[in-house]
Amino acid sequence: MGRDVPALVFTREDRRRYRIKMQECLDVFAQMLRESRFESERPRVGLEIELNLVDDEAEPAMRNSDVLDAIADPAWATELGRFNLEINVPPRRLTQGGPDAWEGEIRAALNHAERGARSVGTHLIMIGILPTLRQEDVGESALSENARYRLLNDQVFAARGEDLHIEMNGVDRLRTYADTITPEAACTSTQFHLQVSPDEFAAYWNAAQAVAGVQVALAANSPFLFGKELWHETRIPLFEQATDTRPQEIKVQGVRPRVWFGERWINSVFDLFEENLRYFPALLPLCDEQDPRETLAGGDVPELGELTLHNGTIYRWNRPVYAVANDQPHVRVENRCLPAGPTVADTLANGAFYYGLTRALVEDERPVWSRMSFRAAEDNLHTAARDGIDARLYWPGMGEAPVAELVLRRLLPLAHRGLELSGMDAAWREPLLGIIEQRCVTGHNGAVWQKEMFHRITASGQAGRHEALRRMTQLYIDYMHLNAPAHTWPVD
């Protein structure tokens, strides 16, 4: 969904042509899979980070266009809300230059962007949900100026036919309605990309699904929304509800949501793209001029534009991606379940854990997905989002266990092994996975720090609820720039 689209009204003919083109793309994709026409010799990893913009008082700043002009770097782009930006970090080999090189590259890019943001009176913050965001901040006027967001908004509500209902219970209770999809902009995430061969895709996707709950529990960083203290990773239920095209009557019939964990382990990357066409009507039926059959027959690589655009409007927590780079097609897993932040150090630790653990699970003689129901993996995700690092999750051979115990006893050694298989020696692994270990030992991550600091400020009796959230957010930004992992952040 990163491409620009025109503002227009779709006709029945548009939808008929798009459906035909999507099927043609799927057929060509199947042919390419059969003929092994994919880049897999030099697999790479990638990273996207979504960020919020705030003013000097840590309140949301609706200035993304101005900030982009000030940054003047094509790696940066708008996101759904005018208080959002996204950076696409260039892909690389996992062990290229060592972890310090990747961290240095990311921090340099963020520091450059922060200088640009400051020049127009704003600041960047990496966090799952901006704590100072109020419901009145996410009205229609908060949509970014790019026409694709307006068009997507219109299509979601045309499909739904009524306002969005947002409801969740945590420490506090939230019940509200929205007449735009802009509440989705409150959800800012980190997205890890992993290029794999088509033959290995199913195993890596299954592994990513199996560990999604553990990832979220360890990295939770979104406990507040609209002034309410809700789930440790409120971003998960908010994103599921803020993009739901189903009115209640359709929902109870079992129609699948567009933010989707899935419903089964897969055997091929083809399974996921086929499900996209089978289950989900097109939101943006825009046809490319390229004929995928003719392009492939002529010896060129088809973009499969309709297939990829449709895929971009189905928000799986682990999304399949088809792309063409340097005239070579490839497939990759886009891991989308983690929040942004708190620091670059935390982000790279999360990445090392994910890349190492999935590699080890794929190499296992008895895959975890053969010993674990798909429903258990989905339940783990929502339990982890609700309870964070205090969650108890299911894992084969351990039953239901505290996530810290599960990670320390079983999964962290696997992550070390997976990184070692990927060519990362102990000197590189230890600092990264040591952050994960210490989160488990201390029981502290970004969400826990936010909650504890908020309650400490309110307990002083010197600040009301929103003022306490604002002060906490200012402190968060200070610690974020120090780049010390969140489990080390003081609360007193």
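## Helices and core

User: Which residue follows helix 16, and what is its phi?

Analyst: Asn-483 comes next, with a positive phi near 65 degrees. Helices here are DSSP runs of H or I with at least four residues, strands are runs of E with at least two, and both are numbered from the N terminus.

User: What sort of model is this?

Analyst: This is a predicted model: local features need pLDDT of at least 70, side-chain atom pairs count only at pLDDT 80 or more, and totals for chains, interfaces and linings use all residues. Residues are numbered from 1 along each chain as its sequence is written, and side-chain values use heavy atoms, leaving out hydrogens and water.

User: Back to helix 16. How many residues does it have, and how far does it reach?

Analyst: It has 18 residues, 465-482. From first C-alpha to last it reaches 26 Å, close to the 26 Å expected at 1.5 Å a residue. The expected span is 1.5 Å times one less than the number of residues.

User: Which of its residues are buried?

Analyst: Ala-468, Leu-469, Arg-470, Met-472, Thr-473, Tyr-476, Ile-477, Tyr-479 and Met-480 of helix 16. Buried means under 20% relative accessible area, exposed over 50%, and partly exposed in between (1.4 Å probe, protein chains only). Their cover includes strand 1, strand 4, strand 8 and helix 15.

User: Take Ile-477. What is it in contact with?

Analyst: Val-54 and Ile-125, leaving aside neighbours within four places in sequence. Contact means heavy atoms within 4.5 Å. Ile-477 has a relative accessible area of 11%, so it is buried.

User: New topic. Which residues have the most contacts inside the largest nonpolar core?

Analyst: Trp-76 and Phe-353, in a core of 162 residues. Helix 5 gives the most to this core, with 15 residues. A nonpolar core is a set of buried Ala, Val, Leu, Ile, Met, Phe, Trp, Tyr and Cys residues joined through side-chain atoms within 4.5 Å.

User: And what does Trp-76 touch?

Analyst: Beyond four places in sequence, its contacts include Leu-51, Leu-68, Ile-71, Glu-86 and Leu-124.

User: At what angle do helix 5 and helix 11 cross?

Analyst: Roughly 140 degrees, with the axes of helix 5 (198-219) and helix 11 (344-363) coming within 9 Å. Axes are lines fitted to C-alpha atoms, for helices over the stretch in contact, and angles run from 0 to 180 degrees between N-to-C directions.

User: What makes the contact?

Analyst: Among them are Ala-207 and Val-211 of helix 5, and Phe-353 and Leu-357 of helix 11. By class, there are 13 nonpolar, 3 polar and 1 charged residues. Ala, Val, Leu, Ile, Met, Phe, Trp, Tyr, Cys and Pro count as nonpolar, Asp, Glu, Lys and Arg as charged, and the others, Gly among them, as polar.

User: Where do helix 5 and helix 13 meet?

Analyst: Val-214, Ala-217 and Leu-218 of helix 5 meet Val-403, Leu-406, Val-407 and Leu-411 of helix 13. That contact has 7 nonpolar residues, no polar and no charged. The axes come within 10 Å and cross at roughly 120 degrees.

User: Is Arg-439 buried or exposed?

Analyst: Buried, because its relative accessible area is 2%. Arg-439 is found in helix 14. It touches residues including Leu-218, Asp-346, Asn-350 and His-487, not counting those up to four places away in sequence.

User: Last one. What do the buried residues of helix 1 pack against?

Analyst: Helix 8, helix 9, helix 10, strand 12 and strand 13. Just after helix 1, Ser-36 has a positive phi of about 55 degrees.
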